[in-house]
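Please open the structure in your viewer and keep the selection tool at hand.

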Amino acid sequence: MRVALAYARRAGTRGEIPVGAVVAIDGRIVGRAGNDSIHLRDPTGHAEIRALRRAARQVGQYRLTDATLVATLEPCLMCMGALVHARIARLVFGAADPKAGAAVSLYRIGEDRRLNHRFAADGGVLADECGALLREFFAARRVRSSAR
C-alpha cells in the first residue's frame, strides 16, 4: 500500500485525482501506476487499469490469476470489471468510495455469482492515510476554484 500511496501522491502533484495502484505476484510488484486520465485525455486512465496493463505486459499475458491488486481507493465499476477479466486473485484497497466504489460500497462485483470469476476484496488498509490524501486534494481544489 505504501508504494500505491507514493504513486497516488505523484498523480496528485500532476493535478490528477490522487489514486495509486500496484499489482503484485508472490510479493513482487509487476505493475504500478497513478491516475493519469487528465494528462492522457483518457477516461480509462485510472491507476488500477494502468497498473493492470503494465502487469500484463510484464507477465506476458492478460490473465493475472496469481496477482493481488492494491489500490488506495476502492475501485469503480470499470476497474472492477477489468479485475474480473484479468482473473485477479485478490483486491486490497485503502479508502472506501461511497459514491463510486464497486467492491463493497455500491456493488460487490468480486462476489457476484453471475460473473465467471470471483475474488476476495479487503478494504480499509491505511484507510485514514488514503482518505486524507483525497480529502486534502479536493479541499485544495475547492479553495482554488473559489478564488477565481
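Two strands pair if DSSP finds at least two bridges between them; strands (E, at least two residues) and helices (H or I, at least four) are DSSP runs, numbered from the N terminus. This is a predicted model, in which local features need pLDDT of at least 70, side-chain atom pairs count only at pLDDT 80 or more, and totals for chains, interfaces and linings use all residues. Residues are numbered from 1 along each chain as its sequence is written, and side-chain values use heavy atoms, with hydrogens and water left out.

Select strand β3, residues 67-73: seven of its seven residues are buried (under 20% relative accessible area, 1.4 Å probe, protein chains only).

Next, select strand β4, residues 90-95, which runs parallel to β3 and is joined to it by five bridges. Leucine 69 has leucine 91 in β4 as its bridge partner. Between β3 and β4 the chain passes through helix α4, residues 77-86, in a right-handed β-α-β crossover (clockwise from the first strand over the helix to the second, with the strands pointing away from the viewer).

Finally, select glutamate 48 in helix α3, residues 47-59. Leaving aside neighbours within four places in sequence, glutamate 48 is in contact with residues including Leu69, Ala71 and Leu73 (contact means heavy atoms within 4.5 Å).

Zoom out to the whole chain, which has five helices and five strands. Buried residues make up 47% of its 148 residues.

Note on methods:
Buried < 20%, exposed > 50% of the residue type's maximum accessible area, 1.4 Å probe, protein only.
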